[in-house]
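My notes follow in the order I took them.

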Amino acid sequence: MKRSPARPTSVDAPHFHGRRKGRRLRPGRQALVDGFLPRLRIELPQEEGCLEPRALFDRPVRDVWLEVGFGAGEHFVSQVEAHRDVGFIGCEPFMNGVAAALSEVKVRQLDNVRIVDDDARPVLAALEDASVGRVFVLFSDPWPKSRHNERRFIGSSTVDALARILKDGGQLCFASDHMGYVRWALEHVTADGRWSWTARQPAYWRCRPDDWFPTRYEAKARARGAACVYLRFERKSRIDGGSSERKSLVCSGTRVI
Ligand SMILES: C[S@@+](CC[C@H](N)C(=O)[O-])C[C@H]1O[C@@H](n2cnc3c(N)ncnc32)[C@H](O)[C@@H]1O
């Protein structure tokens with residue numbers, strides 16, 4: 001694995017506010033956690049910015065994609081199966097969700113997957129610059145009370161880390177049914193200057209893109225009649241600039257949404 005010098009972390013030692021455990025796992029699921037998960041789990045290196053993700057897979061992969069908070073893994077496992085030539089890293093601290101995803105990975109005999117059963121932020125900090133092609137953050141916890149907004153996964157430090165690890169032209173895929181979080185994500189990402197929002201017309205954010213799969217939280221939102229918004233941002237080229245300019249896009253974005 002290629003090593004690079006230690007860098008100061010872009011994400012300060014994070015405190016995870018979510019749930020790690022739910023109901024006691026059934027014996028079959030517990031056996032997967034005890035016996036199968038250790039084979040897929042990534043141990044993060046001590047140094048930051050030195051994890052070359054393609055080296056995590058037993059065979060060559062053309063790219064590496066990451067999903068943050070995959071829940072029970074519906075979208076994650078479908079992507080893994082649909083793109084067998086891509087290596088996937090899934091991060092999810094809620095062990096019941098991890099166990100459900102492990103079960104599908106095993107049944108579908110998928111070998112292009114690695115799991116971090118923990119907070120995704122140290123994973124972002126560990127990854128090499130420009131080493132990931134796509135990151136999904138789907139129906140991430142909205143933390144609706146204003147005093148909790150800073151707990152949202154999308155924030156200036158994670159947007160900074162994502163801009164560092166994504167390749168030029170790489171994608172950040174975000175979905176939510178919470179309009180406060182949608183505006184927040186638009187504001188944080190577009191304020192960073194290294195991203196383009198790919199939407200050209202309302203259908204771009206009102207309909208789930210064809211190459212994303214449904215998730216459990218999306219289904220719950222739709223069942224109660226909530227609208228879902230899908231945002232796809234592209235990491236600008238490092239050569240053509242895209243380092244610090246602020247975009248006015250967010251203003252039109254928040255107005256239309
Ligand atoms: C509302 S659920 C959505 C799950 C799934 N994406 C879906 O749409 O069904 C949000 C998930 O993100 C996970 N999560 C929250 N903070 C996280 C973090 N810092 N790193 C990784 N996952 C996180 C939670 O454990 C939870 O399973």
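**Around the ligand**

I began with the ligand in this predicted model. I found 23 residues around the ligand, and Gly-69, Gly-71, Phe-139, Thr-215 and Tyr-217 come nearest. I then sorted the shell by residue type: 11 nonpolar, 6 polar and 6 charged.

**Confidence**

The average pLDDT of the protein is 89, and 88% of the residues score at least 70. Residues 1–11 have a pLDDT below 50, and I noted 25 contacts in the model for this stretch beyond near neighbours in sequence. Residues 244–257 also stay under 50. For them the model has 23 contacts beyond four places in sequence.

**Helix H2**

I looked up which residues of H2 (74–82) are buried. They are Glu-74, His-75, Phe-76, Val-77, Gln-79 and Val-80. The strands are S1 (63–68), S2 (86–91), S3 (113–116) and S4 (132–138). The helices are H3 (95–107) and H8.

**Helix H3**

I tested the length of H3. It has 13 residues, so at 1.5 Å a residue it should span 18 Å. The C-alpha atoms at its ends are 18 Å apart, which agrees.

I wrote down its buried residues: Gly-97, Val-98, Ala-99, Ala-100, Ala-101, Leu-102 and Val-105. The buried residues of H3 pack against helix H1 (27–40), H2, S2 and S3.

**Two positive phi values**

I followed the chain past H3 to Gln-109, where phi is positive, near 55°. Gln-109 is not a glycine. I placed Gln-109 in the loop between H3 and S3. Is Gln-109 buried or exposed? Gln-109 counts as exposed, because it has 7 C-beta neighbours inside 10 Å and the cut-off for exposed is 12 or fewer.

Ala-130 was my next stop. Its phi is positive too, about 45°, and Ala-130 is not a glycine either. Ala-130 lies in the loop between helix H4 (121–126) and S4.

Notes
Residues are numbered from 1 along each chain as its sequence is written. This is a predicted model: local features need pLDDT of at least 70, side-chain atom pairs count only at pLDDT 80 or more; totals for chains, interfaces and linings use all residues. A residue is near a molecule or strand if its C-beta atom, placed from the backbone, lies within 6 Å of it. Ala, Val, Leu, Ile, Met, Phe, Trp, Tyr, Cys and Pro count as nonpolar, Asp, Glu, Lys and Arg as charged, and the others, Gly among them, as polar. A residue is buried if 20 or more other C-beta atoms lie within 10 Å of its own, exposed if 12 or fewer, and partly exposed in between; C-beta atoms are placed from the backbone. Helices (H or I, at least four residues) and strands (E, at least two) are DSSP runs, numbered from the N terminus. Two residues are in contact if their C-beta atoms, placed from the backbone, lie within 7 Å. pLDDT is the predictor's confidence in each residue, from 0 to 100. The expected span of a helix is 1.5 Å times one less than its number of residues.
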